[in-house]
Amino acid sequence: IGKTIFITGASGGIGAEMARLCAGRGANLALFARSLQKLEDLKKELESCYQVRVNVYQLDVSDTDSVKETFPKAISELGGVDILVNNAGFGVFREAHEASVDEVTGMFNVNVVGLIACSSVVLPYMRDQRSGHIINIASQAGKIATPKSSVYSATKHAVLGYTNSLRMELSNLNVFVTAVNPGPIATNFFAIADEKGTYVKNVQKFMLQPEFVAKKVVDAMFTRTREINLPRWMNFGSAIYVL
Ligand code: NJP
C-alpha cells in the first residue's frame, strides 16, 4: 500500500498478525510494545520477507511522557503517519468487588489513557495533512455487558465513546476513525485476563483466530468502515452467560 502504519501492542497477538499482513501489502511500519526483543524478532522476520521498512520502539503506552517522546520520533524517522492502530490493551477478569485499585488504574491507564495519548500525538499531523485513519481495538465487552469483566468492559465502553466522538470531530477533515469490537480471540490475552481458565473454558469454541481478526482490521484500512463487530454478539449464544 506504500502507507506508513503505526501499531501499538505489536509484540504478539493480533498486533503482530496485523503487522505481518500490513508488511505483506507493502506498508512501512512503526511497531510499539514493552517487549523489545519480540519486536526486534518481528522486524527481522518482516524485513526478510518483504521490501518494507520496519522501525520498532519500546513503549509502555500508559507512560504518557514516553508516548509524547516516542511517537514524534517515529513520525520523524518514518517521514509521517497514515494509519494508527491503537491495539495495546489488557484485561483482568474478576468479580467487581475483587478488582484491586492497581488493576483498575492499570487497565484504564493502558486501554484508555494510553490510547488517547497515542491518538493525541498523531491527530495534529493527520489534521494538517488532511488525511489519516485511526483504528481503535475496543471489544464486544464495550458493546454488551459481560460478567466478571466489569472494569475491562468499562475501559472498552470508554474507548468506544472516545472513538465515536473523535469520528464526529474529524468528519470534514478526511481523517477516518474505526472501532473494532472482537469477541474472544485465541491469544495470550487470557493468560492475564483469566488465570484460572474459567472464562476460556466457556468461550473456547467461540474463539476467533488472531489471523482472522487481523485480516478484518487490515481490510478496514481500505473500506474505512466505522465499526466492525466480530462476530455479532448474538452469535455468542449463551456461552458468555454460563460463567
Ligand atoms: O492480546 P495479547 P490481544 N504498553 O495479550 C501489548 C483486545 N481484545 O492481541 O507490552 C504497550 O496477545 C502487549 O505487548 P507487551 C485487547 O483488549 C482482545 O488479544 O510487549 N503495549 C501485546 O503486544 C487489546 O486491546 C480480545 O506486553 C502493551 C499486546 O498489547 C487487543 O485486542 C477480545 C501494554 C497484547 O497482546 C489486543 O489483544 C477483545 C502497555 N502497557 C478485545 N500492555 C481477546 N484476545 O479475546 C499490553 O474483545 N501491551
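Start by selecting the open sheet of 7 strands, ordered β3-β2-β1-β4-β5-β6-β7 with parallel pairing; strands are DSSP E runs of at least two residues and helices H or I runs of at least four, numbered from the N terminus, and two strands pair if DSSP finds at least two bridges between them. β3 (54–58) and β7 are the edges, each with a single partner strand, so one side of each has no neighbour in the sheet.

The model is predicted: local features need pLDDT of at least 70 and side-chain atom pairs count only at pLDDT 80 or more, while totals for chains, interfaces and linings use all residues. Residues are numbered from 1 along each chain as its sequence is written.

Next, select strand β6 (residues 175–182). 8 of its 8 residues are buried, so β6 is largely enclosed by the rest of the structure; buried means that 20 or more other C-beta atoms, placed from the backbone, lie within 10 Å of a residue's own. V175, V177, A179 and N181 point one way, and F176, T178, V180 and P182 the other.

β5 (residues 132–137) runs parallel to β6 and is joined to it by 6 bridges, with I135 opposite T178. β7 (residues 227–230) pairs with β6 in the parallel sense over 4 bridges; there E227 partners A179 and I228 partners V180.

Finish at the ligand. 31 residues surround it, the closest being G9, G13, R34, G89 and S139; a residue counts as near if its C-beta atom, placed from the backbone, lies within 6 Å. Helix α1 (residues 13–24) gives the most to this shell, with 3 residues.

Technical notes:
A residue is buried if 20 or more other C-beta atoms lie within 10 Å of its own, exposed if 12 or fewer, and partly exposed in between; C-beta atoms are placed from the backbone.
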